[in-house]
Amino acid sequence: MSEDVEDVTGAVVAALVAEDTDVVFALMGDGNVDLLARIAAGTGIKLVHACHEQGAVAMADGYARFSGRPGVASVTHGPGLSNTATSLLTAAAARSGVVLLAPDTPTGDLDHPQRFDQRGFIGATGAYFRPLHRPGTVYTDTAAVFRHVRAGRGPAVLNAPTDVMHARLPAGAGAYEPTAAPPAPPPPDPRLVAEAAAALAAARRPAILVGRGVAPDGGADAVGELADLLAAPIATTLKAKGLLARHARHVGVAGGLGSGHAGRVLAEADCVLVLGASANQWTTDGGTAFSGGVVVHADRDGEAIGRHTSADIALVGDAAATASALCALIGGSGRPAPAGWTVPDRPDQHVPAAPDSSPVHPRLAVEALDAVLPEDRLLVVDAGHFGSYAQQTLRSWDPGRYAFTHEFGAIGQALGVAIGAAVARPGERVTAVLGDGCLMMSLNELSTAVRYRLPLTLFVMNDGGYGQERHSLTAKGLPDTEAWHAWPDVGQVARGFGIPAHCIRSVRDLDLLQRTLPEATGPVLFDVHIDPEPQNPAFADIASRLSGTALSQTPST
C-alpha cells in the first residue's frame with residue numbers, strides 16, 4: 001500500500017494497516033474527517049463510531065485490555081481531544097495500550113477557536129506525546145507511538161497539525177516498517193537468585209504474591225511449580241485476578257477488594273516472594289500485609305521494586321524467568337518436601353434473606369450474578385461503593401478476561417471499556433457491572449452498543465444516588481441529602497435506546513437472571529435495586545486512605 005501513498009494522511013493509514021490494526025474507535029470532527037474517510041475506503045479496518053470522545057478512548061482501552069493488542073482511537077482537535085481526559089488518565093494509570101490519533105489545529109492559524117496547548121494537555125494525563133510536525137517523519141513518529149504502546153508503557157498520542165496531515169509525502173519516504181515486540185529483559189542476577197532461593201527455602205511460612213507482570217500463557221506454570229516446591233500459598237493482585245485460580249494453593253486476591261483471606265496469609269508469612277507486582281498500598285492493606293518478614297521482589301522494571309514496599313532482595317528481570325530459576329535451584333537442592341501451612345479462613349459472608357426482601361442486599365445481587373455467569377466469562381467492573389462487593393464476590397479464572405476501571409478513581413468508564421471488550425472478543429458476551437451514577441455518566445454509549453448489536457449485559461446496581469458519598473457524609477456527621485438522586489427509570493431509558501431491560505426489586509426477582517440471560521443476543525440491561533444501607537468495611541478503609549482521614553463506621557456484611 002505504501003507505494004501508492006501520496007500524502008501524510010495516507011501514510012498514517014498505511015502505517016495502521018502495516019501494524020495489523022483491525023478497528024479504530026472514533027468520533028469524527030473537522031480534524032480527523034479525512035483520516036477516517038481514508039480508513040473506511042478499502043483498508044479492511046473497521047470503524048466503531050462512539051457518541052463521545054471519552055467513550056471512544058475508553059473503548060480503545062477495553063479493546064487493548066481484552067485483546068492484548070494496541071487499541072486505536074481517533075478524535076478531532078480542540079474539544080475533541082479535551083473530552084478524552086478522564087479516559088486517557090484511566091488508561092495511563094492502567095498502562096493500557098491505547099494509541100490515540102489526535103490531529104492539531106493548522107500550524108499558522110493562531111486564532112483558530114479550537115487551538116490550545118495539546119502537548120501540555122496530553123503530558124498532564126501521563127500519556128506519551130509524539131508530535132508530527134514534518135511530513136518526512138511520519139513513519140518514524142507513528143512507529144514511535146506503536147513502539148511505546150507495545151513496550152507496555154501505557155497510552156501514546158500521535159499529534160499532527162491538519163496542514164501537515166494534508167501535506168504531500170516527500171519523495172523517497174519509503175515504506176512503513178511495523179514495530180516489533182520489545183526485547184526480553186535480561187535474566188536476573190544469579191547471585192541474587194541464589195540468595196532469594198536460600199531465603200525462601202529457609203522460611204517456615206513462605207508465600208507468593210503474583211501481579212500482572214506474570215503472563216498467563218506459560219509464565220504462570222513456573223509460579224505454580226515453585227509454590228508446590230515451597231508448599232507456599234499463592235495470592236494475586238486485583239489486576240492479576242484469575243491467574244492460577246485453579247491451582248490448589250491459590251488463596252485469592254490480596255487487598256481490600258479481595259476475599260480477605262489472601263491478605264491474612266501475607267500478614268502471617270515470614271517470607272513473601274513478590275513476582276511482577278508493585279505491592280502498593282491497595283494490595284498490601286496500607287502496608288500492613290507484610291509484617292516484618294523477608295520480602296523478595298522480582299520485576300522486569302527495576303524502578304517498580306521498592307517503590308511502595310521495601311525489598312530485602314531485589315531481582316531485576318522477568319518475573320516468570322525468575323520463578324523458573326528459583327525452581328531449578330530449590331528443586332535441585334535435595335531438600336525434603338516442606339510441610340504446608342494455612343491460615344484459617346473467615347466464616348462464609350453470605351447474607352441470608354427472605355425471598356421477598358426488598359431492595360436487594362448488594363452482596364446477594366452479585367452472588368446471584370456470579371452464579372449464572374459461565375466460567376469463561378468476560379467481566380468489566382466500574383468504580384464506586386457497589387463495586388467493592390462486585391470485586392470481592394465475582395470470580396475470574398483468567399486475568400485477560402477481567403478488568404476493573406477505577407485505576408484513576410473515576411466512575412463511568414466501564415460501559416466504554418466493555419464495548420471495546422465486546423469488539424475485541426467478537427461473538428462473546430461481555431458483562432459490565434456498574435452503578436446507577438456510572439450509567440448516567442456514560443448513558444450516550446448505550447446507542448453505540450445498540451448500533452453495533454453487541455452482546456453486552458449491563459448489570460446496574462441502583463441505590464438511587466452516590467453510595468460512597470452518602471456513607472462518607474454520614475461518617476462525618478453531615479446530612480446525606482445531596483447524595484440522593486431521583487434518576488429517571490433506568491429500564492425505561494434503556495428501552496428508549498432499543499435495549500431489552502428487566503427490573504429486579506427483590507431477592508425473588510433475581511431469578512430473572514437465570515430465566516432471561518441464556519436467551520439474550522444483543523445488549524440487555526438489568527436494573528437491580530440494591531439496599532443503600534450496607535457499608536462495605538473494605539471500601540470504607542480505602543476511602544479513608546484516599547482522604548487521609550479515618551472514617552468512623554459501623555461495619556456491615
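**Before you start**

This is a predicted model, in which local features need pLDDT of at least 70 and side-chain atom pairs count only at pLDDT 80 or more, while totals for chains, interfaces and linings use all residues. Residues are numbered from 1 along each chain as its sequence is written, and side-chain values use heavy atoms, with hydrogens and water left out.

**Exercise 1: a helix and its end**

Task: Find helix α3 and compare its reach with the expected span.

Solution: 
- Step 1. Helices (H or I, at least four residues) and strands (E, at least two) are DSSP runs, numbered from the N terminus. Helix α3 covers residues 53-67, which makes 15 residues.
- Step 2. The expected span is 1.5 Å times one less than the number of residues. For α3 this expectation is 21 Å, and the helix reaches 21 Å from its first C-alpha to its last.
- Step 3. Now look at the cover. Buried means under 20% relative accessible area, exposed means over 50%, and partly exposed lies in between (1.4 Å probe, protein chains only). In α3, 13 of the 15 residues are buried.
- Step 4. Move on to the residue that follows α3: glycine 68 has a positive phi, near 75 degrees.

**Exercise 2: salt bridges**

Task: How many salt bridges does the structure hold, and which parts of the chain does the pair of arginine 130 and aspartate 141 link?

Solution: 
- Step 1. A salt bridge is a side-chain nitrogen of Lys or Arg within 4 Å of a carboxyl oxygen of Asp or Glu. The structure holds 14 of them.
- Step 2. In one of these, the closest N and O atoms of arginine 130 and aspartate 141 are 2.9 Å apart. The pair links distant parts of the chain, with arginine 130 in strand β5 (residues 128-131) and aspartate 141 in helix α7 (residues 138-150), 11 residues apart.
- Step 3. Check the cover of each partner. Arginine 130 counts as partly exposed because its relative accessibility is 22%, and aspartate 141 counts as buried because its value is 5%.

**Exercise 3: a bridge between two loops**

Task: Where do arginine 401 and glutamate 428 lie, and is arginine 401 buried or exposed?

Solution: 
- Step 1. The two side chains meet in a salt bridge, at 2.5 Å from N to O. Arginine 401 lies in the loop between α14 and β14, and glutamate 428 in the loop between α15 (414-424) and β15 (430-435), 27 residues apart.
- Step 2. With a relative accessible area of 12%, arginine 401 is buried. Glutamate 428, at 26%, counts as partly exposed.
- Step 3. For a network, turn to Asp20, Asp22 and Arg69, which are joined by salt bridges that share partners.

**Exercise 4: backbone details**

Task: Which residues does a cis peptide bond join, and where are leucine 244 and arginine 453?

Solution: 
- Step 1. The cis bond joins serine 358 and proline 359, with omega about -10 degrees. Proline 359 sits in the loop between α12 (319-331) and α13.
- Step 2. Leucine 244 is not a glycine, yet its phi is positive, about 60 degrees. This leucine is in the loop between β8 (234-236) and β9 (250-253), and it is buried, at 14% relative accessible area.
- Step 3. Arginine 453 also has a positive phi, about 50 degrees, although it is not a glycine. Its place is the loop between α17 (446-451) and β16 (456-462). Arginine 453 is exposed, with a relative accessible area of 71%.
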